[in-house]
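Thanks for coming. I have one structure to go through, and I will keep it short.

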Amino acid sequence: MQIAVIGAGSWGTALAAVLGQKHPSVALWVRSPGLSEQIKTTRENVNYLPGCKLPQSVTVTHKLGEAANGAPLIVLATPSHAIRQTAAELAPYIRANSVIVSAAKGLELASVKRMSVVIAEELPVIAGQIAVLSGPNHAEEVALGHPTATVAAATSRKVAEYVQDTFMLPYFRVYTNPDINGVELAGALKNIIALGAGIADGLGFGDNAKSALMTRGLAEIARLGIAMGANPLTFAGLAGIGDLIATCTSVHSRNRRAGIMLAAGKTVDEIQVETSMVVEGIRATKAAYQLAANYDVDMPITSEIYQVLHQNKSPKDAVLELMTRSRTHEVEEVALNNLHWN
């Protein structure tokens, strides 16, 4: 029985390469027939992950049933906006005991739901067998075999450990976490802060500004996550601060690059035209802005980035707005519980 990886962007291709080093039969599904043929011929996805040669154990196909039919483990690595449609298309090929791994980091824009929730709605037969893979995992570095750590989150320990064992390699270390809610939220929301980090870089600010942005960004990610039932400790782990550091600082981060373009005066439409891969933070910002309103959670960085993206606010004005907010405590419990100073 082969493992299926659905989606041949940079991350899907890297995961197929990882799995192909450990398992004898892995199928990589490519939506475009033309790209599928190119990868078959060259064993390399030059469009999205040049330099990564796929092992011979990886077969490439543009036929979904050929990749997924009866597979015990299916990795969904399409962009978040395509997850619902792709999951629905997978329904005829799912076995009752199949495990689905979501590798997408985002929120569904229309419903503001997490990816595992969307998948469960479309594939109710395996609702208890959904896992999430998330962490500081740039596809470019994974493809090179650089040491990488990630998190497999699921509500079932058995499922999480099955995914852990399936992916674990000497250079690809997998930890488990029962907080699928927090892991997914951390993976989606860090992209918003990475847009802000790119704006800071594009405006020529230094380490002080970026470190402050990342720290306060993590605070508001955790604030929303806790309001939505997540474990606070998740945000201090690989899926939280680990992924936040990687996405806000790396040359590989497409969200950071998009922020730099925003600082240069590019519009969202111009950025999306010029960027060959999906910038998840643009959609995530709109979804998080709605969630903050739904849960009555203060998310000032998200709010300012939303206004830059969707209300034509100047990035410089957004920075000024953040820096001149009314004074407050760093640790919110001080204000909430009216604790006294010594």
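This is a predicted model: local features need pLDDT of at least 70, side-chain atom pairs count only at pLDDT 80 or more; totals for chains, interfaces and linings use all residues.

**The sheet and a buried lysine**

Residues are numbered from 1 along each chain as its sequence is written, and side-chain values use heavy atoms, with hydrogens and water left out.

Strands β6 (residues 130-134) and β7 (residues 148-154) run antiparallel and are joined by 4 bridges. Strands here are DSSP E runs of at least two residues, helices are H or I runs of at least four, and both are numbered from the N terminus. Two strands count as paired if DSSP finds at least two bridges between them.

The open sheet has 8 strands in the order β3-β2-β1-β4-β5-β6-β7-β8, with mixed pairing. At its edges are β3 (58-61) and β8 (172-177), each pairing on one side only.

Now the lysine. UniProt, in an unreviewed entry, lists Lys190 under "active site"; its positions are in the numbering used here, feature names are shortened, and annotations may be inferred rather than shown by experiment. Lysine 190 sits in helix α8 (residues 180-202). Is lysine 190 buried or exposed? Lysine 190 counts as buried because its relative accessibility is 6%; the cut-offs are under 20% relative accessible area for buried, over 50% for exposed, and partly exposed in between, with a 1.4 Å probe and protein chains only. Leaving aside neighbours within four places in sequence, lysine 190 contacts Lys105, Ile221, Asp243, Leu244 and Thr247, contact meaning heavy atoms within 4.5 Å.
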